[in-house]
Each structure stands twice: as structure tokens, then as C-alpha cells.
Amino acid sequence: MTDTSSSNSESRIPIARRTVLVAGGATAAALAVGGAASAGALDGTGQDTAAAVCTLTREMTEGPYYLDGQYVRSDISEGKPGVPLKLTLTVVDDDTCAPLRGALVELWHADALGEYSGFVGKNGHSEPDNGTFLRGGVLTNSAGVAVITSIYPGWYVGRCIHIHVKVHTGVTLTSDGHFTGGREIHTGQLFFSETVTTRVATVSPYSTNRVTRTTLARDSIYDGGGAASGLLILSALGSSPSAGYAGALTLGVETG
């Protein structure tokens, strides 16, 4: 169900979740986020993320800024200024750990000033609004992997930095580059290490966002569950924050 309310208030959906036994040997190696995360990568809590690859990812609120039928494309940045972000998301069946091929992974998030396309002005900034920037999705490959290029999100009133994510199956691609139909099997959010966010916040244009930033620990949605709650594995792409980051996570979803 789509919620296009102008309110940015979001509440957690309390759904009981379980952790699936991690596959061993070659199976686990094949599922290790498509090889995107470096060995020993941390999820922002200081814990090794290797054991999180077959965890059922928690459902979270869609939030007020979803728009239907966005573009199917691997780069959703549309030239928006910000720190580069390359996301590698692997979608697996939480019961079998089998990768889901042809699932549409859809993302949407705020720009560096905390503004969402289609809703510009809600965070107090005036900028062009085409209703499509920082929105879109891509189909997973045979290994269940979706790679999407964007920018590091900014923040808005009352929320920590995050990205909204949906996973759809059975969508139909349209001739104009959008998608329609299908079945939505997961709605969640992706979160970022405070250590990395603090660095990014010093880089322009993030540094010009004067809205008080809510930290991960004080967020009303993130529940401290690490990778199972959507906390990304982040790796620097260079020696400075402006060079960008790679983010990786395996999304365990219910397919039945």
C-alpha cells in the first residue's frame, strides 16, 4: 500500500523475525554479498558480518515518500551532488538461502540536503524537483545480486540517514523504462555507520544542511539489530570521504 502523506513521521512495524542457520562451505561463499564486501568488513557495530548472510531481514515502515512505478536503472543519482555510493545488495530466500533471480530491488532516499524527489521543500530547502531523482530499481542477476549507484543520503528532521528499499517479484518492464505489477515481498530500510556518516557530514553539500541530524542510536526506526535490521557493510573507495563508499548487504526475504 502506497503512502504519499506529506508527514515524515514513521513508526516501526513490530514483526517477529528469526535467524536462519548460515550455509556452510561453498554455499556460504557463493552468498557472501556477491564478493562485494571485503574480508573482515564491519557492519558499524564492530562485529564481523560474515555470519549475517542468511539472516531474515526485518520489515520496516515504508514511510511517507514512496512513489509508484519508478525507472528500472542501475544509476539513480541523476547528477545530484554528493559522495558517491555503490550498493551491492544480494537477495536470498530466508528459508533456503537460495538467491532470487529477476527480483526488482527498488530504492529511494533523500539527497544531501534531506529532500526527496516529488516532495522537495519538506526539509526546508528549495531546489528543482523532477519527481525521479534518487529513485529507481534494478533486477537481480542469476546470483541474486543487484548493483545500484547513487549518492550517500542526507538527513531530514527526526530521522537518521537511511535508504528505503522494496523487493518485488514478477514485475513487468514497460517500454518507457519503468515497471508495473508484480508482488511486493519486502519493505525495509538500509542504515549507515555513524563513524562514516560523521565523516561524510563534513563534505559539501552535506555540510550546508543545517537541520539537526538524528543519530543512529536515537532513531525511532532503527532498532540496533545490525545487518538483520539493514545496517550496511561499508568500505571506503578512496582515502577521503569525498571519494565515496561501497555498501553491501544480503537481504533475506520471505518468498512464500
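The chain in this predicted model contains 2 helices and 10 strands. Along the sequence these elements follow the pattern α-β-β-β-β-β-β-β-β-α-β-β.

**Overall packing**

Of the 256 residues, 52% count as buried, where buried means under 20% relative accessible area.

**The open sheet**

An open sheet is formed by 4 strands in the order β4-β1-β10-β9, with mixed pairing. Its edge strands are β4 and β9, each of which pairs on one side only. On average, neighbouring strands of this sheet are turned by 20° against each other, direction ignored.

| Strand | Residues |
|---|---|
| β4 | residues 145-151 |
| β9 | residues 233-236 |
| β10 | residues 245-253 |

**The β9 and β10 pairing**

The edge strand β9 pairs with β10 in the antiparallel sense, over 4 bridges. At residue level, A236 has Y245 of β10 as its bridge partner. In the sheet order, β10 stands between β1 and β9, while β1 stands between β4 and β10.

Definitions and conventions: Residues are numbered from 1 along each chain as its sequence is written. This is a predicted model: local features need pLDDT of at least 70, side-chain atom pairs count only at pLDDT 80 or more; totals for chains, interfaces and linings use all residues. Side-chain values use heavy atoms; hydrogens and water are left out. Buried means under 20% relative accessible area, exposed over 50%, partly exposed in between (1.4 Å probe, protein chains only). Two strands pair if DSSP finds at least two bridges between them. Axes are lines fitted to C-alpha atoms, for helices over the stretch in contact, and angles run from 0 to 180 degrees between N-to-C directions.
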